[in-house]
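I opened this notebook to record what I looked up in one protein model. The sequence and the coordinates come before my entries.

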Amino acid sequence: MTAPVSTPAAAGAPERDIVCPTCGQACKYGPSNPSRPFCSPRCRNADFGAWATESYRIAKPDGAPEGEDEGDVELP
Ligand SMILES: [Zn+2]
C-alpha cells in the first residue's frame, strides 16, 4: 500500500435525489439543501414535533404517584 486512498466524495459532494420523510416530496440531499434529509425547515420541524409528541406518549402513565414517605417514620 503506497498510494493513499482518495475518496470520490472529495471531488465535490454530489447531490442525491431523496424523498422527504415528512411529506414524501422529492428533494435533494446535498449542500444546497440545509434541511436535508427533509425538503424544507418546516418539514424538519414537523418531524421533530411528531417525535416529541410520541415521546410524551411513551412517558409513564398516570398510575400510583410515588408520594409515600415510608422512610420518614417517627418511631416512639
Ligand atoms: Zn417535506
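The entries below run from the overall fold to single residues.

**Entry 1: ground rules.** I number residues from 1 along each chain as its sequence is written. The model is predicted, and I therefore note that local features need pLDDT of at least 70, that side-chain atom pairs count only at pLDDT 80 or more, and that totals for chains, interfaces and linings use all residues.

**Entry 2: overall fold.** In sequence order the pattern reads β-β-α.

I then asked what share of the 76 residues is buried. Buried residues make up 7% of the protein chain. I call a residue buried if 20 or more other C-beta atoms lie within 10 Å of its own, exposed if 12 or fewer, and partly exposed in between, with C-beta atoms placed from the backbone.

For contacts I require that the two C-beta atoms, placed from the backbone, lie within 7 Å. Of the contacts between residues at least 6 apart in sequence, 8% join residues at least 24 apart.

**Entry 3: the strands.** I checked how β1 (residues 16-19) and β2 pair, and recorded the antiparallel sense over four bridges. Pairing here requires that DSSP finds at least two bridges between the strands. Arg16 has Tyr29 of β2 as its bridge partner, and Val19 stands opposite Ala26 in β2.

The two strands form a hairpin with six residues between them. I noted Gly24 in that turn, with a positive phi of about 80 degrees.

Entry 4: Which residues did I look up in the loop between β2 and α1? I began with Ser32, which is placed there. Ser32 counts as exposed because it has 10 C-beta neighbours inside 10 Å. Its C-alpha atom is 8.2 Å from that of Glu15, a residue 17 positions away in sequence.

Ser35 lies in the loop between β2 (26-29) and α1 (41-58). With 15 other C-beta atoms within 10 Å, Ser35 is partly exposed. Leaving out residues up to four places away in sequence, I found that Ser35 touches Ser40, Pro41, Cys43 and Arg44.

Pro37 also belongs to the loop between β2 and α1. I recorded a cis peptide bond that joins Arg36 and Pro37, with omega about 5 degrees. As background for both backbone entries, most residues other than glycine have a negative phi, and most peptide bonds are trans.

**Entry 5: the helix.** I next turned to Asn45, which is in helix α1. Asn45 is partly exposed because 13 other C-beta atoms lie within 10 Å. I looked up two C-alpha separations for Asn45: 9.6 Å to Ser35, 10 residues apart along the chain, and 9.5 Å to Thr22, 23 residues apart.

Asp47 lies in helix α1 as well. Is Asp47 buried or partly exposed? I recorded Asp47 as partly exposed, since it has 16 C-beta neighbours inside 10 Å. Not counting residues up to four places away in sequence, Asp47 touches Pro21, Thr22 and Phe38. The C-alpha atoms of Asp47 and Cys23 are separated by 9.4 Å, at 24 residues apart along the chain.
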